Amino acid sequence: MSVLGLIAGGGDLPPAVARSVRESGRAVFVVALAGSTGGDWVQDYPHEILSPGEPGRIIRALKAHGVHEVLLCGRVDRPKFSEMKLDAKGMLLLPKAIAAAKKGDDALLRFIVGICEDEGLVALSVAEAAPGLVCRDGAVGAMTPSPDHRADIAAAFAIVRALGALDVGQAAVVCEGLALAVEAAEGTDAMLARIETLRESLRGTAARRRGVLVKALKPTQDAKTDMPVVGVATVRNAHAAHLSGIALEAGQALILDRAAVAAEADRLGLFVVGVIP
């Protein structure tokens, strides 16, 4: 297998992907995007730290390390174009990049992937490069949802589908048929933190857990760049919000360290389940 080129943004997904790919026996070369990629994990891999405004240097670095297939994952903060470091190719493509950024983060990610494809590289999704991270149908831990929970799961999926079509978010919380929160630009963790500010008659409590978190791929979303992700931190935050559990779209969402997520969900008494809507 050729070296996989990983263009890494922020968050826990890029290092999880890099580990999974390397454990499969494939070498990884990382392009860490300046201003987005955090942590010291990139030091464990051959890498370069480059600006999103340096597509020419990014392509040259990938090809110099024998990369034929490339994957972009992680959070990419919308850049301040007036302050971004640019190379010659970046200056030529800047108007198109600005236009893509105005359409949303997904459009900007697709733009970056498109540059790689225009240069003859093959863009992969996380599911293709690290299939072990993909959520499967069924319970992840020992807990399973009740029929009432499944009704809330179905309602939350409908909400995510409707809002996702407008590129709003990829997560929602529903409690006994009532939508408690939807995800926007703040992200899943901040959305969950809002739940406890609601009055107790609407939400769960430590004594009586209620409500479910659902994460699903937006209809407008490209699975090559940004699949929904759940990790141990998500389980802990759902527990802090007094929810009963978490549901993910099977085959279209990722679980970072399935064994650790299952163990933490069992410890805290939550279900985590992959479902086919």
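**Group meeting: helices, a sheet and a cavity**

Let me start with helix α1, residues 13-23, which is mostly covered, with eight of its 11 residues buried. Buried means under 20% relative accessible area, while over 50% is exposed and anything in between is partly exposed, with a 1.4 Å probe and protein chains only. Helices here are DSSP runs of H or I with at least four residues, strands are runs of E with at least two, and both are numbered from the N terminus.

This is a predicted model, in which local features need pLDDT of at least 70 and side-chain atom pairs count only at pLDDT 80 or more, while totals for chains, interfaces and linings use all residues. Residues are numbered from 1 along each chain as its sequence is written, and side-chain values use heavy atoms, leaving out hydrogens and water.

Back to α1. Its buried residues are Leu13, Pro14, Pro15, Ala16, Val17, Ala18, Ser20 and Val21. What covers them includes β1 (3-8), β2 (28-33) and β4 (67-73); contact means heavy atoms within 4.5 Å. After α1 comes Gly25, with a positive phi near 100°.

Helix α2, residues 55-64, also has buried residues: Pro55, Gly56, Ile58, Ile59, Ala61 and Leu62. Gly66 follows α2, and its phi is positive, near 75°.

Next, the sheet. Six strands form an open sheet with mixed pairing, in the order β6-β13-β11-β9-β7-β8. At the edges are β6 (138-139) and β8 (178-182), each pairing on one side only. Two strands pair if DSSP finds at least two bridges between them. Strands β7 (171-175) and β9 (212-215) run antiparallel and are joined by four bridges. Val173 has Leu213 in β9 as its bridge partner.

How many cavities of 30 Å³ or more does the structure hold? There are two. A cavity is a set of points, on a 1 Å grid over the protein atoms alone, where a 1.4 Å probe fits but cannot get out, and lining residues have an atom within 4 Å of a point. Points are joined across faces, edges and corners, and volume is the space filled by probe spheres set on them.

The second largest cavity holds about 40 Å³. Its lining is Ile7, Val70, Leu71, Leu72, Val113, Cys116, Ala123 and Leu124. Strand β4 gives the largest share of that lining, three residues. The lining residues are eight nonpolar, no polar and no charged, where Ala, Val, Leu, Ile, Met, Phe, Trp, Tyr, Cys and Pro count as nonpolar, Asp, Glu, Lys and Arg as charged, and the others, Gly among them, as polar.

Methods. 1 Å grid on protein atoms, 1.4 Å probe; cavity = no way out; pocket = protein on both sides within 12 Å on 5 of 7 lines; lining within 4 Å.
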